[in-house]
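Please open the model in a viewer and keep the selection panel at hand.

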Amino acid sequence: MTILHGGFLLAEQLFRPKALAELTKSDWQHVGQPIVEALKEISATPCSQPFAWKKKALIIIWAKILQPYPATPADTETRWQEDVFFSVGNMLPTINHTILFELLKSLEASGLFIQLLMALPTTICHVELERFLEHMTVDTSSKDVAFFLDIWWEMMKHKGNQQDPLLSQFRTMAHKYLSSSDEFCHPPKRFKSDPDVCPTMPLLAMLLNGLKQIQNKILCPGMKCCALANLADMLTVFALVEDDPQEVSATVYLDKLATVISVWNSDTQNPYHQQALAEKVKEAERDVSLSSLARLPTETLFVGFEYMHSLLQEWGEELQAMLNSSQGTNYDSYRLCDSLTSFSQNLKLYLDTTTLSKEERQVVSELADCVKDFLRKTSRVLKNKGLEKDITASIAMAIIEQKMDRHMEMCYVFASEKKWAFSDEWLACLINNRALFREPGLVLKLLETVMDVSTSDRAVPESQVKQVVDLILECYADLSLPDKNKVLSGVLDSWGRKGLSEKLLAYLKGFQEDLNTTFNQLSQSASEQGLANAVASVARLVILHPEITVKKMCSMAVVNLGTHKFLAQILSAFPALRFTEEQDPNPPTTFMVSCLKETVWGKFSTPKEEKQFLEFISCLMSPVKPQGIPVAALLEPDEVLKEFVLPFLMLDAEEVDLSLRIFIQTLEVNAGLEYWLQTCSPFPLIFSMCQLLDCYSKYWQLPKEKRHLSLDEKDLAIHVLALLCDIVLANVETFSPDTWIKSLSWLHQKLEQLDWTVGLRLKNFFEGHFKCEVPATLFEICKLSEGEWTSQTHPGYGPGTGLLAWMECCCISSSICEQMLSLLVVDVGNPEEVRLFSKGFLVALVQVMPWCSPQEWQYLHQLTRRLLEKQLLHVPYSLEYIQFVPLLNLKPFAQELQLSILFLRVFQFLCSQSCRNWLPIDGWSHVVKLLCSSLTNLLDSVRLIQSLGQGQEQDLTQEALFVYTQMFCHVLHIMAMLHQEVCEPLYVLALEILTCYETLSKPNPSVSSLLQKVNEQRFLKSIAENINPEEWRYTLLQKISNF
């Protein structure tokens, strides 16, 4: 600040004996040079912020002028303490506004003037601008006019800087002066500000008035162009443009900047001609980015319209001649035509959309015609902008490098422009500003550009392409997981399942090694701690080649024991993999489903792999949410059903077993979700399950290669159907009443094609709408309500088949079984009727048993017990395996003995000449399995009865041993009737019976017991000696000998 002080001292010496406070405009040229030189020297000081020093010096000068004068000692003391500018300003002599205004004009500091002016409180700002305008109108020179026009232009470009501490201090200081001075307390009424109006509005009106006052001093065409351009821009931006105008697109914005800078480059008289590109871009940004926070009052607007019209009429011919000459290519002429073009467009819109009086409309229409005529006669100016070369790339890169306004939009232009790509400047800009490109949209744009350029005819060195690809992948790696998913989604949409490898495979060397290394690490570190690292590693692989990466993970999830949940968590971190592939004419399939079907579906080698697959897709439908990693379901329940279940709901489909397990898992896992089943057409789905169950009615008639679902798994199918019906019934309200009735009718009609027992499984589903349709013969043995049941003629159910139909009903469910039992008509008091029922029951049991699932057989087992309890079923016990009549109380074991003999009779019937050809070998294995389950239950029952007897001080040991003996004989009898290859379960059961016998008989050492044991051993050996093969016979005999 010493330099500033020195400049004022020299000026003071030159002006003596007068004081600088008396200096007039005409005195400045003799006195002002030392002050100007001092400011220039301050600006040229080698420091990091020369402009800031210049600004600070001007603030000190202006603050000195604004200080209330004269100051009291108390005021001086306060300013020393509170005014940051006072200490330096106090060194300066007393000065006036003339020195400030002339200094600003000499320095051509119009922009700085507006910054400082707009930092002042509104009242002071108005007064200071009024003083400036008064100063300009006195002895107005061409420099005054030029400075005035620059100030007007700068005011329209001004956007304020709330972060500038110097301006904040200046404003604070001015507020203090405002409160302590009478000078600013009563500003002229014409400058009274409205707090709700942008402070720029009255200032612009003042400048418009100032233009009128100096109009006659505007002589050169360039200044006239500038004056008209300013007026056109003011009326356009601050009056005609809508309150919230849409920004022009980034490319249009860039073109505007390029045009402005190109004109500056060709206009040697322009102050920015010699500036560096970055400085030109910063200033051009201000020129093309005018915006308004408020609108000019209508009164001011029409004053402006009329004034514009008069200026065009007065200056029009002169300017047209100049613009059409070779001199008409400078920036002032370009700006005039560009501003008038924008003004004309907005004026037309204003005419079309605004309600105006007749007089107002006439004013606007005449002005519009005048502007249009002027532009028509000067159209060559905008057509010949004089672009010496395409500088848009350099401008865009300068904006990015300097992080100027809209620099992120320029990043998108930069990333998209293929003709710029791979130039040295482009590469340098990308490398230096890679942090700016860490946005999913930019990563995708860069990838698209690299893909297109690398596959075009342009010769780009492979090393450069690899360098850029690596840079882009670095930017991708730095993205958040949601943003990575956006990029992955874009890659899949653009290049499909092969990802970047589709066109960049040559530049992705080492991918296979990276893939193997990553997945080796994944299989060894399947833990939550390693999940974040695993997701990051897979994120890179999945964008390079989504198909290979996902298929590898699907394969690992099935083959590597225990890794499926961890891998599902990783995959679930990439919801973008729910990408839908269009494969005409096939229906669209999600990428994830395609990978599962192509990699693992139908290729399982062990039950463990199937189990892991089941759990894997369960995790993909309902992913576990780890802390800190957002996950989403990659499979929807409806698509799982459509892809992995519905096509395989047939007995002859190899995948039917796994599909059923997937079906039930899908229904159970997603039971709590919103009713998603509606999208799967639930009624056709129910019918598909019914068709599957219908196949079981002729199960053993089908060739083995068409029976891929066992009768054991029939229970699973039944459970799926029941669960499916329950879910649909629970969501009846999602159907309209009409749709519900039509759907039920459709299903009921379709079921007529199937076995009647299948329809009976939907009894609750049809309740209240349709009766249960059963063979007419069922009515002969049951008291069925005609309101609930109806008879139908069914082939194969002629006279005497009522009991068969009744037993088939009992297989459906426990509730129907109870109902059938309660409705059964058998007269217990009539021995002949009980005898006939018992014979019929045995025949029906033989007919039904081979087609029973384990659960259905369990229903029949329980039914048989109930019939025995009710004495409706008579099972005479023969003495064929009794050596001596026992003196025992066998009543507690009566049912067990009857059931055992009944099962023997069933197998005698099945193995008879008339029935032995009913079943294939696996059919015999099935009935043996059912028999063993029932006999195992009998063993458990015998053990329980015997132990309960001991608790009641009733020794039933001998009775239990007798029952074991009888059961052993019955089992061996059945074995003797069957094919040896199906007898192993019965052999194991026989050994278990002997173990039970041995365990119970050992604790009794009495002589009578020993004698009985020897007799029993001899008897049991005689039975066992008839068993084949020899090793079984030897084992049984050895077991008996150990008693």
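**Before starting**

This is a predicted model, in which local features need pLDDT of at least 70 and side-chain atom pairs count only at pLDDT 80 or more, whereas totals for chains, interfaces and linings use all residues. Residues are numbered from 1 along each chain as its sequence is written, and side-chain values use heavy atoms, with hydrogens and water left out.

**Stop 1: the whole protein**

The secondary structure comprises 49 helices and 4 strands; helices (H or I, at least four residues) and strands (E, at least two) are DSSP runs, numbered from the N terminus. The C-alpha trace spans about 160 × 70 × 65 Å along its principal axes. The radius of gyration of the protein is 50 Å, while a compact globule of 1043 residues would have one near 31 Å. That radius is taken over C-alpha atoms, and the globule rule is 2.2 Å times the number of residues to the power 0.38.

Switch to a surface view. The accessible surface comes to about 48,000 Å², and carbon and sulfur atoms contribute 51% of it; such areas come from the Shrake-Rupley method with a 1.4 Å probe, and for residues only the protein chains shown count as cover. Of the 1043 residues, 53% count as buried. Buried means under 20% relative accessible area, exposed over 50%, and partly exposed in between (1.4 Å probe, protein chains only).

**Stop 2**

Select residues 110–119, helix α8. Since 8 of its 10 residues are buried, α8 is largely enclosed by the rest of the structure. Among these buried residues are Leu-112, Phe-113, Ile-114 and Met-118.

Next select helix α41, residues 814–823. Its buried residues include Ile-816, Cys-817, Met-820 and Leu-823. What do the buried residues of α41 pack against? Their partners are α38 (756–760), α39 (763–766), β4 (789–792), α40 (802–810) and α43 (854–869), where contact means heavy atoms within 4.5 Å.

**Stop 3: Thr-599**

Select Thr-599 in helix α31 (residues 591–599). Thr-599 counts as buried because its relative accessibility is 18%. A polar atom of its side chain lies 2.6 Å from the backbone oxygen of Cys-595. Leaving aside neighbours within four places in sequence, Thr-599 is in contact with Lys-551, Cys-554 and Ser-555.

**Stop 4: backbone exceptions**

Most residues other than glycine have a negative phi, and most peptide bonds are trans. The following four selections concern exceptions.

- Select Lys-403, in the loop between α20 (392–402) and α21 (407–416). Lys-403 is not a glycine, yet its phi is positive, at about 50°. Is Lys-403 buried or partly exposed? Lys-403 counts as partly exposed because its relative accessibility is 46%.
- Select Phe-422, in the loop between α21 and α22 (424–432). Phe-422 also has a positive phi, of about 75°, although it is not a glycine. Phe-422 counts as buried because its relative accessibility is 6%.
- Select Arg-16 and Pro-17, which are joined by a cis peptide bond with omega about 10°. Pro-17 lies in the loop between α1 (2–15) and α2 (28–31).
- Select Asn-1028 and Pro-1029, where a cis peptide bond has omega about 0°. The loop holding Pro-1029 runs between α48 (1007–1024) and α49 (1030–1041).

Methods: A polar contact is a pair of N or O atoms within 3.5 Å; within protein, one must be able to donate a hydrogen and the other to accept it, and residues adjacent in sequence count only if both atoms are side-chain atoms.
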